[in-house]
Amino acid sequence: MLIVAIAVAAFCATYAGGLFALRLKDRLHLVLGFSAGAVVGVAFFDLIPESIAFGQKFHTPAALLAWTAVGFMLYLVLDRMHFFLGHGHGGHEDHESRDHGGAAPHPAHRGSFGAASLSAHSLLDGIAIGIAFQASAPIGAVVTMAVLAHDFSDGINTTNIVLKNGGSRQQALRWLLADALAPAAGIGATYLFAIPQETLGIALALFGGLFLYIGASDLIPESHHAHPKLLTTAMTLLGAAVIYTAVALVSR
């Protein structure tokens, strides 16, 4: 029942984020700033330390941190596939395409590709929750907190990327529904397999790297773009502080 409740909460967080983006655009940077701090915080304060705690019987700390780097780089490659395939989020990729004599991709295709990629990211979020609960309930609880914060911002980004590329409100809502269902699908998928004890530390380290990339390379720049830096930075620090406090309380 707990996992079902988490899946429902992830759905609601994602969908609420998308609706928030449609109505309260002037406050998005604060939400994204908080989400960035929460996601980076769960990597530094929970996933990476727990990966070492679980994996030190089978792997050295250096090897586990190397898997964190692999997770970071893996997500980097997935994120940059927008560029490789000519379907970037915004003007930078379009300018490069024109500079090299190529035609810019159709905006609607770009919006759909971006929304599909965000849905894939949300699927990974759900898998992260399932694997964290296989490690322990406290780890699962902390990862769930960060994922819910990230899912809210994912809903925001899914709606925005469709609308900014000429998609209709109905198209944005359809992609938002797909993105909202993705975490539940990811959680459900983890019931089809169990992570062996000797690889659980590696799995946590991988997701630590994924969360670091999401926070540092996606959410933080997006939250700070063309917005007051002081308040947004304060929200990022608050997000990290909330996760640190949650980890400290759960660890007692």
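**Figure 1. The whole chain, seen through its contacts.** Take the contacts between residues with a separation of 6 or more: 82% of them in this protein chain join residues 24 or more positions apart. Keep in mind that this is a predicted model. Of its 252 residues, 45% count as buried. The accessible surface comes to about 11,800 Å², and carbon and sulfur atoms own 70% of that.

**Figure 2. A look into the largest nonpolar core.** This core has 39 residues, and the ones touching the most other members are Val42, Leu47, Val143, Phe207 and Phe211. Which elements give two or more residues to this core? They are α1 (2-23), α2 (28-55), α5 (107-135), α6 (137-164), α8 (197-224) and α9 (229-251). Zoom in on Val42: leaving aside its neighbours within four places in sequence, Val42 is in contact with Leu47, Val142, Val143, Ala146, Phe211 and Ile243.

**Figure 3. Phe211 and the residues around it.** Phe211 sits in helix α8. Is Phe211 buried or exposed? Its relative accessible area is 3%, which is under the 20% limit, so Phe211 is buried. Skip the neighbours within four places in sequence, and Phe211 is in contact with Val39, Val42, Ala43, Leu47, Asp125, Ala128, Val143, Ala146 and Val147. Phe72 is 139 residues away along the chain, yet the C-alpha atoms of Phe72 and Phe211 are separated by 7.7 Å.

**Figure 4. Val147, a contact of Phe211.** Val147 belongs to helix α6. With a relative accessible area of 0%, Val147 is buried. Setting aside neighbours within four places in sequence, Val147 is in contact with Asp125, Ile129 and Phe211. Asp125 also turns up among the contacts of Phe211. How far apart are Val147 and Phe211 in sequence and in space? Along the chain they are 64 residues apart, while from C-alpha to C-alpha they are 9.3 Å apart.

Figure 5. The model has 4 aromatic pairs. One of them is Phe45 with Tyr244, an edge-to-face pair with 5.2 Å centre to centre and 75° between the planes. Phe45 is partly exposed at 33% relative accessibility, whereas Tyr244 counts as exposed at 51%.

**Figure 6. Phe72 meets Tyr213.** Here the ring centres of Phe72 and Tyr213 are 5.2 Å apart and the planes stand at 80°, so this pair is edge-to-face. Phe72 comes from helix α3 (residues 61-84) and Tyr213 from helix α8, so the pair ties together parts 141 residues apart in sequence. Phe72 has a relative accessible area of 23% and is partly exposed. Tyr213, with 2%, is buried.

Terms used. Residues are numbered from 1 along each chain as its sequence is written. This is a predicted model: local features need pLDDT of at least 70, side-chain atom pairs count only at pLDDT 80 or more; totals for chains, interfaces and linings use all residues. Side-chain values use heavy atoms; hydrogens and water are left out. Buried means under 20% relative accessible area, exposed over 50%, partly exposed in between (1.4 Å probe, protein chains only). Contact means heavy atoms within 4.5 Å. Accessible areas come from the Shrake-Rupley method with a 1.4 Å probe; for residues, only the protein chains shown count as cover. A nonpolar core is a set of buried Ala, Val, Leu, Ile, Met, Phe, Trp, Tyr and Cys residues joined through side-chain atoms within 4.5 Å. Helices (H or I, at least four residues) and strands (E, at least two) are DSSP runs, numbered from the N terminus. Rings of Phe, Tyr and Trp (its six-membered ring) pair if their centres lie within 6.5 Å; planes under 30 degrees apart count as stacked, over 60 as edge-to-face and the rest as tilted.
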